[in-house]
Amino acid sequence: RPIYFEPEPDPVEFLDLSNVARCVGARVKQSSAPDYRVGKIIRVEHGTLEVTVQWWDTTYDPLEVGELAYVDGTPGDPAEIPIPEELEGLRVRSQYGRTGVVRKAIRRRRGEPLLVIVRWDPHPFQAGSLGQDGALEFVRSPDLRLVSKSIREYIISEPPPPPPTPPEPEPEEEPPPPPERMRSMNDFEELNDYLKYVEDMFKKHGGANGARVMYMEDVPYAGIHKGMLGTIKQYVNRDELQVKWDDFEKRWVNLRRLQIYETADKAFLYIEDLPDPIYCDGGGRSGPGNDVVANFEGAALPRRCKCFVLMTKIRTKYAGRNQHFVAWGSAPTPGSMAVARRSVDFRLSATGNLEYGEHTGAMAGGWRQATCTPRLTLCDNKWHSVTLVRQDTGFIWFYCDGELVGQGCLTADLPPGLTDSAKSYRWSKKDSVFAGDVGPLRIFDQELSIQQVRAYEKLAGTPRFSD
């Protein structure tokens with residue numbers, strides 16, 4: 001199940017008192033005022049929730065009635081004020097309530113209004129009154145997420161509601177039980193007895209439509225060859241049924257040519273005579289460190305023959321590095337502390353592709369590898385059945401979830417001197433640990449057909465590990 005992390009609360013939605021100080025240095029404007037003064041927040045008083053704004057020096061504005069109508073210490077009509085030099089340094093107040101000191105005053109031409117630059121006094125804003133006399137709007141802020149947001153939204157706001165309680169994780173669905181074995185056509189002395197058995201299975205297990213069948217005649221019929229699988233689409237009687245054959249067309253055939261392969265409810269499956277594995281054990285949880293690995297005690301590879309089959313099930317959600325889920329290393333040499341390089345590794349690549357490799361122990365060119373193409377992505381936190389068939393010639397077949405997914409070719413000889421047990425990491429350095437779950441391992445000392453591989457994968461079921 002993917003791991004989720006709770007995101008940090010967005011300051012646009014809420015800014016508690018401990019974070020109000022982030023507003024210091026923000027450029028603001030009072031858009032509701034007619035003169036649109038622009039300034040910068042220089043202080044935040046947490047106790048009274050006051051925000052002090054230092055308005056910037058204005059550019060040259062005319063000092064006349066309607067602009068700077070009141071001049072402290074200068075009686076009379078502002079139009080009859082003293083010459084500019086005498087005005088500098090005087091305190092003024094605008095009709096919008098701001099106070100300040102005249103820094104410079106000039107008159108460009110005779111008869112034109114007097115122009116001044118005013119150093120305005122810092123002005124405190126009560127947080128409770130913001131939005132009544134005019135809200136401060138952010139123009140630019142050290143925290144760009146505050147831009148164009150009213151300061152009132154950050155200072156006067158209700159505490160955010162508690163985060164919703166995450167829903168309880170849904171329990172994993174109980175995997176279906178392994179199918180039971182379907183009786184073969186050869187198990188009946190009379191053909192009619194077999195046909196009655198098939199019709200009885202249709203009635204008890206989901207009907208005929210949707211059931212899987214296999215063509216059993218040695219002689220091809222209408223492009224259908226022995227061993228082809230198909231799904232029943234329409235069933236009239238034992239002499240007339242329409243089958244959609246895999247990777248082929250629909251054909252009408254009679255039931256006498258067919259072996260029922262799987263019932264519609266998947267409760268019964270036709271299985272050929274299957275060889276017994278020479279090893280079936282081990283598995284468990286593994287990784288991500290080498291302190292927890294899946295062990296396969298006594299899982300020795302066949303020594304008398306070079307042909308073998310490895311079959312297991314894996315589940316992981318990790319990627320980014322190689323992960324060895326079944327690996328053999330070099331057996332220790334008596335009296336020597338050296339670690340040899342010889343190994344056999346069945347693993348996932350950094351991207352989740354299926355790989356198999358053998359190391360002969362040579363310093364140069366000792367590693368030989370076969371890889372699935374096109375590439376797979378098995379790090380999706382789902383169970384996958386993986387099977388490797390190694391022929392005595394060194395030819396490699398990869399199967400995943402019952403399908404042939406790749407092939408390759410190595411040398412015929414296996415590396416000698418391997419361990420009699422396997423683990424879910426790289427033996428030489430005890431790294432590249434498989435991070436996930438590994439099912440029991442089955443080893444066969446003979447080649448399996450694709451039908452036998454599919455049968456064993458379904459009979460194996462889904463591994464279950466206790467927490």
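Which helix gives the most to the lining of the second largest pocket?

## The model and its confidence

The model is predicted, so local features are described where pLDDT is at least 70 and side-chain atom pairs count only at pLDDT 80 or more, while totals for chains, interfaces and linings use all residues. Residues are numbered from 1 along each chain as its sequence is written, and side-chain values use heavy atoms, with hydrogens and water left out.

The protein averages a pLDDT of 78, and 73% of the residues score at least 70, where pLDDT is the predictor's confidence in each residue on a scale from 0 to 100. Over residues 129–133 pLDDT stays under 50, and the model has 6 contacts beyond four places in sequence for them; a contact means heavy atoms within 4.5 Å. Residues 144–158 also stay under 50, with 43 contacts beyond four places in sequence. Where pLDDT is low, the predicted coordinates should not be read in detail.

## Overall build

The protein has 4 helices and 31 strands, taken as DSSP runs numbered from the N terminus, with helices being H or I over at least four residues and strands being E over at least two. Of its 467 residues, 42% are buried, where buried means under 20% relative accessible area, exposed over 50% and partly exposed in between, with a 1.4 Å probe and protein chains only. Among contacts with a separation of 6 or more, 61% are between residues 24 or more positions apart.

## The second largest pocket

It is helix 4 that gives the most to the lining of the second largest pocket, with 3 residues. A pocket is an open set of points on a 1 Å grid over the protein atoms alone, with protein on both sides within 12 Å along at least five of seven lines, whereas a cavity is a set of points where a 1.4 Å probe fits but cannot get out; lining residues have an atom within 4 Å of a point.

About 610 Å³ of space lies in this second largest pocket, and of the 23 residues that line it, the closest to its centre are E262, K313, R454, E457 and K458. The volume is the space filled by probe spheres set on the grid points, which are joined across faces, edges and corners. Strand 16 (258–262), strand 26 (384–390) and helix 4 each supply at least two lining residues. By class the lining of the second largest pocket has 7 nonpolar, 5 polar and 11 charged residues; Ala, Val, Leu, Ile, Met, Phe, Trp, Tyr, Cys and Pro count as nonpolar, Asp, Glu, Lys and Arg as charged, and the others, Gly among them, as polar.

Strand 16 is largely enclosed by the rest of the structure, because 5 of its 5 residues are buried. Strand 12 (residues 212–215) runs antiparallel to strand 16 and is joined to it by 4 bridges, with R212 standing opposite E262; two strands pair if DSSP finds at least two bridges between them.
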